[in-house]
Amino acid sequence: MSLIDLVSWNYKDTPEEFNKQVRNGYEYFEDLMIKNSIDNFVILITCNRIEIYFENKLQKEIPADGAIKLSYPESVFHLFNVSSGLESMVVGENDILRQIKDAADLSRKRMHMSKILDFTFQKALSIGKLVRTQTNIAHGKTSMAAIATDIIENKYNSYHNLCIIGTGKMAESLLNYLKGNNGIKITVAGRNIEHAKDLAIRYGCYYSDLSDINGIVNKNDIIITATSSKNT
């Protein structure tokens with residue numbers, strides 16, 4: 001029987017290394033697996049974690065600096081905890097189920113999915129839904145973006161200008177919640193002006209770089225930092 005192993009960088013167990021690895025895209029981790037002769041894998045990348053679940057037929061040691069490494073069955077138990085929302089920054093968040101499904105779908109599309117991985121991820125999605133149906137874990141606001149939006153709407157109901165600093169997954173999640181606020185001018189600011197521009201265009205916002213941080217502070221009623229940078 002082929003075993004499922006896991007390498008994981010996440011906000012809780014490996015925060016320093018996660019902040020480094022999160023700068024890399026899907027293709028970087030895909031190449032890492034292929035170069036190590038791993039054909040079947042699922043790469044889960046979210047705001048708070050990078051996890052690679054893979055079928056380790058050759059029992060190879062994957063070079064992954066600073067990562068948590070788990071073997072079967074602990075790797076699968078961990079996936080079930082993740083799908084149930086138990087490993088999330090906001091316990092019980094619903095977004096993780098979509099993210100797991102998207103990761104599995106992408107693995108199929110890129111021909112990296114195997115039967116055992118497919119079965120395991122389908123089971124993880126089923127368990128995640130069952131936990132949310134039979135418990136109150138997902139009651140109320142269950143994502144950082146949703147909580148931030150709720151605080152803004154309840155405490156600051158007269159703001160007109162809002163700036164999100166950051167262009168990653170958390171910034172995009174915030175824009176998904178905030179885009180329906182008519183009459184609010186939203187600006188996306190980032191170190192890379194092209195990334196800020198691309199994200200702003202997709203959501204109908206303004207964009208800026210961070211060269212004039214004092215101007216950003218003076219022009220906006222609310223500023224949300226959604227970046228892992230220690231220098232922002």
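1. What is the volume of the second largest pocket? The volume is about 160 Å³. A pocket here is an open set of points on a 1 Å grid over the protein atoms alone, where a 1.4 Å probe fits, with protein on both sides within 12 Å along at least five of seven lines. Volume is the space filled by probe spheres set on the points, which are joined across faces, edges and corners.

2. This is a predicted model, where local features need pLDDT of at least 70 and side-chain atom pairs count only at pLDDT 80 or more, while totals for chains, interfaces and linings use all residues. Residues are numbered from 1 along each chain as its sequence is written, and side-chain values use heavy atoms, leaving out hydrogens and water.

3. Lining residues have an atom within 4 Å of a point. Among them are Asn161, Lys185, Tyr207 and Asp212. H9 (213–219) gives the most, three residues. Helices are DSSP runs of H or I, at least four residues, and strands are runs of E, at least two, numbered from the N terminus.

4. The largest nonpolar core has 19 residues. Such a core joins buried Ala, Val, Leu, Ile, Met, Phe, Trp, Tyr and Cys residues through side-chain atoms within 4.5 Å; buried means under 20% relative accessible area with a 1.4 Å probe, protein chains only. Helix H4 (95–109) is one of the contributing elements. H4 gives the largest share, five residues.

5. Val82 touches Leu44, Tyr53 and Ile100, among others, not counting residues up to four places away in sequence. Contact means heavy atoms within 4.5 Å. A second, separate core of 18 residues includes Tyr159 and Val188.

How values were computed. Buried means under 20% relative accessible area, exposed over 50%, partly exposed in between (1.4 Å probe, protein chains only).
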